[in-house]
Amino acid sequence: MTSLYQHGTLAMLMGKQLQGTITAAELLKHGDTGMGTLTGLNGEVIILEGQVYQAQSDGRVNHITDLDTLLPFASIHFYKPTQTLPFDQVDFETLSDKLKSAQLQNIFSSIKFHADFSRMHIRIAPQQVPPFPSLLEVATNQPEFEVADISGTLMGYYAPEIFNGPTAAGWHLHFLSDDKSFSGHVLDFSAINVTGTLQVFDEFVQHFPIENAGFRGMSLDLDGLHAGIEASEGGKK
Ligand SMILES: [Zn+2]
């Protein structure tokens, strides 16, 4: 059995619940590879080999060593690949096609690969302060960065359509360059010399911050939720 652990939901971020509700230390008990964001939607987090990195919206990348740092939303798993990736060149448009034989459409899965990227286009959510806006409002103003010819590691999750709400359906990818100076939420990419793996999960663990009064009292905006996911996460199917 291989399990994907998620703390918080995208529905909570849409409901303006951007306060951190799990520590990095607690999160790391559930895996060594993953992604998320910090309190106030402060940047894009990528977790590789148990190390936590945060891209902040001015483009800087921080290695998070204070494990009391809080996250409102994160997904994590123990890296235990199912197979190697069956391609050595890929871009965002062709990713699903190239993995068609793996039949991922109805299950949660993760990819992680190292490559030389001729193009890497990312965005980084800017930090919000209370009273928090919804993820949809933040989505309209997010710094984007694009570089050519950069080597690094891309990791991401695929979520089935029916889980659009708890998380973003389709692919959700984060990137960290080899020199750890460039990182963020991937909007587009083109890669060669791909070496990496696919991991499929037979269990999805959804953890909720039940001690958090804001979460317990929030009202769910289901109409805004799907528009917000489209605008902010925009997972490619
Ligand atoms: Zn992201």
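## A walk from salt bridges to zinc

Start by selecting Asp58, which is partly exposed at a relative accessible area of 47% (buried means under 20%, exposed over 50%, partly exposed in between, with a 1.4 Å probe and protein chains only). This is a predicted model, where local features need pLDDT of at least 70, side-chain atom pairs count only at pLDDT 80 or more, and totals for chains, interfaces and linings use all residues. Residues are numbered from 1 along each chain as its sequence is written, and side-chain values use heavy atoms, leaving out hydrogens and water.

Arg60 is exposed, at 53%.

Next, pick Glu44 and Arg123, another salt bridge, with closest N and O atoms 2.5 Å apart. Glu44 sits in strand β4 and Arg123 in strand β11, 79 residues apart (strands are DSSP runs of E, at least two residues, numbered from the N terminus). Glu44 is buried at 6%, and Arg123 is buried at 5%.

Last stop: the zinc ion. Select His172 (NE2), His174 (NE2) and His185 (ND1), its protein donors, lying 2.1 Å from it (donors are N, O and S atoms within 2.8 Å of the metal, or 3.2 Å for Na, K and Ca; water is not among the atoms, so sites may look incomplete). His174 lies in strand β14 and His185 in strand β15, so this pair ties together parts 11 residues apart in sequence. His174 is buried at 1%, and His185 is buried at 2%.

Notes: Helices (H or I, at least four residues) and strands (E, at least two) are DSSP runs, numbered from the N terminus. A salt bridge is a side-chain nitrogen of Lys or Arg within 4 Å of a carboxyl oxygen of Asp or Glu.
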